[in-house]
Every structure is written in structure tokens, then in C-alpha cells.
Amino acid sequence: MSTRGLLDALSHALSNSASQGAVQSCAATLHSILIADESSRPIIGSKRDILYTLLSIIGDKHALARSIKDALEALFGIALYQLNRASLVGLGAVPALVSLIVRDARKGIVEDATAVLAQIAGCEESEEAMRKAGGLKVLGDLLDKKTTASTRIRENAVAALLNLARCGGEQGRKEVREMGVKVMDVITEVGENGSPKGKAKAIELLKYVVDGNEYENQVRELRFKFNSINDFMDHSI
């Protein structure tokens, strides 16, 4: 990161290279930097040309699966820094991700795309973008019992709904509640059988969804399955 011109060089290679391998290597390099050095996240996130090019890669229907996955991993690292999320929303990340989730069933892509979407959902600006892109319906479809979504996809969908409820306005929370009631069984399943983080997120989402209605006892029983209240809090975000 201290090398002069590094990010400009990576940006140039991302947007101008005819080699898919070079594009993949640049995106993977960005991801490695973002994960290894937290201080790089606001710096890379301020480079709109990099963000735009990464989003262009995931929007390219002819891109190789490896290129899309590398771009998604870089976008995930960028979205870990909260102030970058609004920039991504402004550049059209939400409709790009929602479209990718709907159209591309190649192995691992939906898992990675929903992980990025869950992170981006953690900002106020995401609510309207999700509404316009039909993102809430797509998340609900992923949590429908009739789908064959993986556990990771379902946990990411739960995390996205939870972030929308946390960061959105009253209308956004209302929409999350309405969708959550429709997929209550699968959210409950994540709360029972998911990863530790997945369980905690599902239980917190259920608290938003039930909000005093007839499912309140269901949430209480799930919380009781944690060994103690401290265990519950340890697994919370």
C-alpha cells in the first residue's frame, strides 16, 4: 500500500486488461490487501474507478465465474468499512448484486453475492435501493422453503434482512417484518441449525419480525437453546 501508484496501476489493469487472468489477479490482490490491512479499506473505497470497475465485472454476463468471484471478494472487503457502503449504493451495487443473484447459478457466486449484499444493506442508503431493485423479494425467495439455497446463502439473506431492519427507516422495518413473517420457518431453522453467528443473527431478526405477535414464544425458546445469556451475547454481532 505504501508503493506509489499501486492502486492506480491495479485500477488500470482491472479496466483495461484483455486478460481475464490479469483481471482476476488484480481483484484478488485488492481482496488480500483489504483483509490484511483494515486501514486500506477507506483508501481503496475512495477510489471510485476501482469500485466502478469491480461492479462492471459482476455485471458482465460474459465474465468468467472466477473473475466474478474475485470481484465479489474485493467488494466484500471494501464493504466491511461502513462509510464505503453508501458509495457502493450510489454506484449501483444493489441492482447489480440482485441481478447477479437471480441470473447466475454457477457454484459459489450466489453465496458471495449475498455476502456482499448483506454488508451493503448496513447503511441507510440501501433501503431505497433495495426497494427499487426488488432486493427484499429476492431475499425472501432465498429463504423460501421451496428453494434449495445453501445454509450459507440463507445465513447471508438473514444478515441482509437484519441489516435492513437495523439501518432502515420505519417503512423499511415494516417491509422486513412482512417478509420475515412469510419465511418465518426458515429463519427459525437458521436460528436452530446455523453457524454461531448465523444463529445469533436469525434470533435478532426474529425479534424484529415478531415484535409482540404470536411468534414471541418461538423466539424465547430459541434463545433458551443457548447455554446462557452470555453465550447468546458472545455470538451476537
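User: Leaving aside its neighbours within four places in sequence, which residues is H31 in contact with?
Analyst: This is a predicted model, in which local features need pLDDT of at least 70 and side-chain atom pairs count only at pLDDT 80 or more, while totals for chains, interfaces and linings use all residues. Residues are numbered from 1 along each chain as its sequence is written, and side-chain values use heavy atoms, with hydrogens and water left out. H31 is placed in helix α2, helices (H or I, at least four residues) and strands (E, at least two) being DSSP runs numbered from the N terminus. With contact meaning heavy atoms within 4.5 Å, and neighbours within four places left aside, the partners of H31 are E73 and A74.

User: What separates the C-alpha atoms of H31 and F76?
Analyst: H31 counts as partly exposed because its relative accessibility is 22%, where buried means under 20% relative accessible area, exposed over 50% and partly exposed in between (1.4 Å probe, protein chains only). H31 and F76 are 45 residues apart along the chain, and their C-alpha atoms are separated by 8.1 Å.

User: How many helices are there in the protein?
Analyst: Of the 237 residues in the protein, 49% are buried. Among contacts with a separation of 6 or more, 66% join residues 24 or more positions apart. The protein has 0 strands, and its helices number 16.

User: Within what arc do the buried residues of α1 fall, seen down the helix axis?
Analyst: Helix α1 spans residues 6-16, and its buried residues are L7, L10, S11, A13 and L14. These line one face of the helix, because the arc that holds them, seen down the axis, and taken from the directions from the helix axis to the C-beta atoms, is one of 165 degrees. In general, an α-helix has 3.6 residues a turn, so residues three or four places apart point the same way. The buried residues of α1 thus fall within 165 degrees.

User: Which exposed residues does the face of α1 turned away from its buried side carry?
Analyst: The cover over the buried residues of α1 includes α2 (20-36), α3 (40-45) and α4 (48-59). On the face turned away from that buried side, the exposed residues are H12 and N16.

User: Not counting residues up to four places away in sequence, which residues does T53 touch?
Analyst: T53 belongs to helix α4. Its relative accessible area is 10%, so T53 is buried. Residues up to four places away in sequence not being counted, T53 touches L14 and S15.

User: Is D104 buried or exposed?
Analyst: D104 is found in the loop between α7 (93-103) and α8 (109-120). With neighbours within four places in sequence left aside, D104 is in contact with I68, I109 and V110. Its relative accessibility is 7%, and D104 therefore counts as buried.

User: The side chains of which residue and D104 are joined by a polar contact of 2.7 Å?
Analyst: A polar contact is a pair of N or O atoms within 3.5 Å; within protein, one must be able to donate a hydrogen and the other to accept it, and residues adjacent in sequence count only if both atoms are side-chain atoms. At 2.7 Å, the side chain joined to that of D104 in this way belongs to R106.

User: Which helix gives the largest share of the lining of the second largest pocket?
Analyst: On a 1 Å grid over the protein atoms alone, a pocket is an open set of points with protein on both sides within 12 Å along at least five of seven lines, a cavity is a set where a 1.4 Å probe fits but cannot get out, and lining residues have an atom within 4 Å of a point. The second largest pocket is lined by 15 residues, with I101, V110, L142, A149 and I153 nearest its centre. At least two lining residues come from each of α7, α8 and α10 (135-142). The largest share, 3 residues, is supplied by α10.

User: What is the volume of the largest cavity?
Analyst: The largest cavity is lined by E127, M130, R131, L136, L164, G172, E175 and V176. Two or more of its lining residues come from each of α9 (126-133) and α12 (170-182). A volume is the space filled by probe spheres set on the grid points, which are joined across faces, edges and corners. For the largest cavity it is about 60 Å³.

User: Which residue's side chain is joined to that of K174 by a polar contact of 2.6 Å?
Analyst: K174 lies in helix α12 and, at 39% relative accessibility, counts as partly exposed. Its C-alpha atom is separated by 9.3 Å from that of Y208, 34 residues apart along the chain. The polar contact of 2.6 Å joins the side chain of K174 to that of E178.
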